[in-house]
Amino acid sequence: MAEIELSALARQCLSRRIGTQEELEREALAWQQRRNEESITVNWRFTTADARIKLKRLYPSLEPRKRISSKKHMAKKG
């Protein structure tokens with residue numbers, strides 16, 4: 001979500017040259033307050049279940065891995 005907000009900030013607030021650090025801070029704070037007052041939310045395009053399937057390789061499993069006994073593993077090799 002942070003990437004989404006940073007992208008919106010860049011498009012809506014930082015799309016022009018800002019002369020000073022203080023002006024940047026004022027602009028970003030005003031933008032943040034406006035977003036918070038409007039209760040801007042993210043409209044996800046897929047469900048959590050779909051995301052887990054699609055992004056499975058990016059996240060570790062929450063279920064413990066099943067350990068293969070070395071005897072069974074050796075029997076399968078031979």
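1. R35 and E5 form a salt bridge in which the closest N and O atoms are 2.7 Å apart; the term denotes a side-chain nitrogen of Lys or Arg within 4 Å of a carboxyl oxygen of Asp or Glu. This pair links distant parts of the chain, since R35 belongs to helix α2 and E5 to helix α1 (residues 2–12), 30 residues apart. Helices here are DSSP runs of H or I with at least four residues, strands are runs of E with at least two, and both are numbered from the N terminus.

2. On the basis of the note: this is a predicted model, in which local features need pLDDT of at least 70 and side-chain atom pairs count only at pLDDT 80 or more, whereas totals for chains, interfaces and linings use all residues. Residues are numbered from 1 along each chain as its sequence is written, and side-chain values use heavy atoms, with hydrogens and water left out.

3. The protein chain has 4 helices and 0 strands, and its pattern along the sequence reads α-α-α-α. Of its 78 residues, 9% count as buried. Buried means under 20% relative accessible area, exposed means over 50%, and partly exposed lies in between, with a 1.4 Å probe and protein chains only.

4. Apart from neighbours within four places in sequence, R35 is in contact (heavy atoms within 4.5 Å) with E5, A8, Q12 and I40.

5. How many salt bridges does a search of the whole structure find? The search finds 3. One of these joins the side chains of E27 and R16, at 3.0 Å from N to O. E27 lies in helix α2 and R16 in the loop between α1 and α2, so this pair ties together parts that are 11 residues apart in sequence. R16 also forms a salt bridge with E23, where the closest N and O atoms are 3.9 Å apart. R16 is partly exposed, with a relative accessible area of 40%; E23 is partly exposed at 24%, and E27 is partly exposed at 27%. Through salt bridges that share partners, R16, E23 and E27 are joined into one network.

6. I18 is found in the loop between α1 and α2 and counts as buried, because its relative accessible area is 15%. Leaving aside neighbours within four places in sequence, I18 is in contact with C13, E23, L24 and E27.

7. Q32 lies in helix α2 and is partly exposed, at 41% relative accessibility. Q32 and L9 are 23 residues apart in sequence, and their C-alpha atoms are 8.4 Å apart in space.

8. The largest pocket has a volume of about 290 Å³. A pocket is an open set of points on a 1 Å grid over the protein atoms alone, where a 1.4 Å probe fits, with protein on both sides within 12 Å along at least five of seven lines; lining residues have an atom within 4 Å of a point. The volume is the space filled by probe spheres set on the points. The lining consists of A51, R52, L55, K56, Y59, P60, S61 and L62. By class, this lining has 5 nonpolar, 1 polar and 2 charged residues; Ala, Val, Leu, Ile, Met, Phe, Trp, Tyr, Cys and Pro count as nonpolar, Asp, Glu, Lys and Arg as charged, and the others, Gly among them, as polar.
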